[in-house]
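Please read the following with the sequence and the three-dimensional view side by side.

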Amino acid sequence: MIEARHLRVLRAVATTGSFSAAARELGCTQPAVSQQMKALEGSVGTPLLVRAGREMRLTQAGEALVRHATGILAGLTAAEEEVAAIAGLRAGRVRLVSFPSGSSTLVPTALAALRAAHPGTRVSLEEAEPPRSVELLREGDCDIALAFRYEGAAGAEEWADLVVRPLLTDRLVALLPERHPLAHNAPGSGSLAIGALADEPWIAGCPRCRGQLVEVCESAGFTPRIDFATDDYPAVVGLVGAGLGVAVLPQLAVESVRPRGVRMLTLEPSVRREIVALTLPDLAQVPAVAATLEQLARTARR
């Protein structure tokens, strides 16, 4: 196997014409140069240098190897510089996948801070709800996946093979039309028992949120009548605001929209979801990925 250090010595000998001159140029001893040349000739299985008086002359094989060495060593230098830039966060790429309400709340602030701190790091963003976002991570199609899971839900082991960076806990809130009888007469301080909405038409969100809604309602003794279902949070808020039904959404999703004609109430009993950033163990060691995870965590703490 040809080693890069041997190629550097060979090129130095070819340039200077002798082992001693090459040693001075490389900052090593003449015997060390001689030993490395013997090792290189042993690797390729043919002589590369012949002595001509006080100078060393390249054989035909030596000339061919020196010709290729220039490109090889230039490529290695470029690779070393690029890796050093990535390791020092002067360059790098991160592929981020997030669910929509995360994309509109956590992600913009985090990426703006990351760009200010490390302008050479590029981040691309795609949207996908879990579990699809987690599948993309495992399939190698992204480096970080923003995901969520509901407290008490089954399947906590589904992320056991991943690095899980907790970001925040997001509670579910009830959305009622502004003119709904319960909008301003809910008992307590702006809170509402979900059972009080048993007879209402419902607007449901994404499939995972929809499943959670059904579970919460059934635990309260009723099955919700879902008249509308949409993955678009502004559409959910708009339908509620138009008086077409009630909804339960994560608070983070409501913050990403400007609710009009809607009253937001704390839901009883409390239902929460955990927002996390996920990555693979090896990817967690990549400087650009680690920096992005840190910025997401800082943004969530604010």
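Among the contacts in the protein chain with a separation of 6 or more, 71% are accounted for by residues 24 or more positions apart. This is a predicted model, and the protein chain in it contains 10 helices and 12 strands. The C-alpha atoms of the protein chain fill a box of roughly 105 × 35 × 25 Å along the principal axes. The radius of gyration tells a related story, since the protein chain has 32 Å, whereas a compact globule of 302 residues would have a value near 19 Å. Of the 302 residues in the protein chain, 43% are buried.

Which residues of α3 are buried? They are Val33, Ser34, Gln36, Met37 and Leu40, and because these residues cover an arc of only 165 degrees around the axis, they lie on the same side of α3.

After α3 comes Gly45, whose phi is positive, near 80 degrees.

From here the text turns to charged side chains. A search of the whole structure finds 12 salt bridges, and one of them joins Glu3 and Arg5, with the closest N and O atoms 2.6 Å apart. Glu3 has a relative accessibility of 32% and so counts as partly exposed, and Arg5, at 44%, likewise counts as partly exposed.

Another salt bridge is formed where the side chains of Arg138 and Asp161 meet, at 2.7 Å from N to O. This pair links distant parts of the chain, with Arg138 in helix α6 (residues 132-138) and Asp161 in the loop between β5 (144-150) and β6 (163-177), 23 residues apart. Are these two side chains buried or exposed, or in between? Arg138 is partly exposed, with a relative accessible area of 39%, and Asp161 is partly exposed as well, with 40%.

The side chains of Glu274 and Arg149 meet in a further salt bridge, at 3.3 Å from N to O. Here too the pair links distant parts of the chain, with Glu274 in strand β12 (residues 272-279) and Arg149 in strand β5, 125 residues apart. Glu274 has a relative accessible area of 24%, and is therefore partly exposed. Elsewhere, salt bridges that share partners join Arg165, Glu294, Arg298 and Arg301 into one network.

Two residues in strands complete the tour. Ser98 lies in strand β3 (residues 92-98) and, at 0% relative accessibility, counts as buried. What does the side chain of Ser98 reach? It reaches the backbone nitrogen of Ser103, at 3.2 Å. Residues up to four places away in sequence aside, Ser98 touches Ser103, Val107, Leu125, Glu126, Glu127, Ala128 and Leu146.

Glu126, one of the residues that Ser98 touches, lies in strand β4 (residues 121-127). In contrast to the buried Ser98, Glu126 counts as exposed, at 53% relative accessibility. When its neighbours within four places in sequence are left aside, Glu126 is in contact with Leu96, Val97 and Ser98. The C-alpha atoms of Glu126 and Ala145 are separated by 9.6 Å, and these two residues are 19 residues apart along the chain.

Key
Residues are numbered from 1 along each chain as its sequence is written. This is a predicted model: local features need pLDDT of at least 70, side-chain atom pairs count only at pLDDT 80 or more; totals for chains, interfaces and linings use all residues. Side-chain values use heavy atoms; hydrogens and water are left out. Buried means under 20% relative accessible area, exposed over 50%, partly exposed in between (1.4 Å probe, protein chains only). Helices (H or I, at least four residues) and strands (E, at least two) are DSSP runs, numbered from the N terminus. The arc is that of the directions from the helix axis to the C-beta atoms. A salt bridge is a side-chain nitrogen of Lys or Arg within 4 Å of a carboxyl oxygen of Asp or Glu. A polar contact is a pair of N or O atoms within 3.5 Å; within protein, one must be able to donate a hydrogen and the other to accept it, and residues adjacent in sequence count only if both atoms are side-chain atoms. Contact means heavy atoms within 4.5 Å. The radius of gyration is taken over C-alpha atoms; the globule rule is 2.2 Å times the number of residues to the power 0.38.
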